[in-house]
Amino acid sequence: MRTLLALTLVAAVVGLSTAADDKKDPTTGKWVVELVTRDGKAVDALKGAVREHADGKYTLTPASGSKAAPTSGTYVLDLSKNPATIDMVVKGGTYDGKTLHGIAKLEGDTLTVAFGEPGKERPTKFESTAGSGVVVAVHKKVK
């Protein structure tokens, strides 16, 4: 019984540390924001921003000339779910101090993240419609 409990605890810890293990985190690296949609409308302020993931931390640096604020934070990616889930704790910008619950998918060199704004549920689809409180961001991998 102790062995089973110990294995369960180890499995839980390993599952939570996915974002910190670059070998298991396919989002590690630099990404350029191609498109952001909030409540069904394009948000041009973030187009061209660079998002960087490493060791469970991220930064988002707006493109030169953008009025968007740079942000950073931490994230936890759970690849065992379908779609994968991502929870981000934000520092700076519109969502400063908030936890954003989202989903993520990686198709080739395209990373798509959809998250509910604070107070909204985790989305189940990669779409943002009017009044949904969902933000969808599409990124391309920097090579």
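Is T59 buried, exposed or partly exposed? T59 is partly exposed, at a relative accessible area of 35%; here buried means under 20% relative accessible area, exposed over 50%, and partly exposed in between, with a 1.4 Å probe and protein chains only. The model is predicted: local features need pLDDT of at least 70, side-chain atom pairs count only at pLDDT 80 or more, and totals for chains, interfaces and linings use all residues. Residues are numbered from 1 along each chain as its sequence is written, and side-chain values use heavy atoms, with hydrogens and water left out.

**Figure 1. Overview of the protein chain.** The protein chain has 1 helix and 9 strands, taken as DSSP runs numbered from the N terminus (helices are H or I, at least four residues; strands are E, at least two). Starting at the N terminus, the order of elements is α-β-β-β-β-β-β-β-β-β. Of the 143 residues, 36% count as buried. Contact means heavy atoms within 4.5 Å. Of the contacts between residues at least 6 apart in sequence, 38% join residues at least 24 apart.

Figure 2. T59 belongs to strand β4. Residues up to four places away in sequence aside, T59 touches V50, R51, E52, T71 and S72. T74 is 15 residues from T59 in sequence, and their C-alpha atoms are 8.7 Å apart in space.

Figure 3. V33 lies in strand β1 and is buried, with a relative accessible area of 5%. Its contacts, leaving aside neighbours within four places in sequence, are L46, K47, G48, A49, L60, V138 and H139. For one of these residues, K47, the C-alpha atom is separated from that of V33 by 5.4 Å, at 14 residues along the chain.

Figure 4. T112 is part of strand β8 and is buried at 7% relative accessible area. Not counting residues up to four places away in sequence, T112 touches I103, A104, K105, F126, V136, A137 and V138.

**Figure 5. The aromatic pair.** A search of the whole structure finds 1 aromatic pair. The ring centres of Y95 and F115 are 5.8 Å apart and the planes stand at 90 degrees, so the pair is edge-to-face. Rings of Phe, Tyr and Trp (its six-membered ring) pair if their centres lie within 6.5 Å; planes under 30 degrees apart count as stacked, over 60 as edge-to-face and the rest as tilted. Y95 lies in the loop between β6 (84-91) and β7 (99-107) and F115 in strand β8 (residues 110-116), so the pair ties together parts that are 20 residues apart in sequence. Y95 counts as buried at 11% relative accessibility, and F115 counts as buried at 10%.

**Figure 6. Charges over rings.** The charged end of R51 sits over the ring of Y58, 4.6 Å from its centre. K105 lies over the face of F126, 4.7 Å from the ring centre. A charge sits over a ring if NZ of Lys or CZ of Arg is within 6 Å of the ring centre and within 35 degrees of the ring normal.

Figure 7. Most residues other than glycine have a negative phi, and most peptide bonds are trans. N82 and P83 are joined by a cis peptide bond, with omega about 0 degrees; P83 is placed in the loop between β5 (71-78) and β6. D39, although not a glycine, has a positive phi of about 50 degrees. D39 is in the loop between β1 (29-38) and β2 (41-42) and is partly exposed, with a relative accessible area of 23%. D55 is not a glycine either, and has a positive phi of about 55 degrees. The loop between β3 (50-54) and β4 (57-61) holds D55, which counts as partly exposed at 47% relative accessibility.

**Figure 8. The largest pocket.** The largest pocket has a volume of about 400 Å³. Of the 24 residues that line the largest pocket, R38, L46, L60, T71 and Y95 are the closest to its centre. On a 1 Å grid over the protein atoms alone, a pocket is an open set of points where a 1.4 Å probe fits, with protein on both sides within 12 Å along at least five of seven lines; lining residues have an atom within 4 Å of a point. Grid points are joined across faces, edges and corners, and the volume is the space filled by probe spheres set on the points. At least two lining residues come from each of β1, β4, β6, β8 and β9 (134-141). The lining divides into 17 nonpolar, 5 polar and 2 charged residues; Ala, Val, Leu, Ile, Met, Phe, Trp, Tyr, Cys and Pro count as nonpolar, Asp, Glu, Lys and Arg as charged, and the others, Gly among them, as polar.
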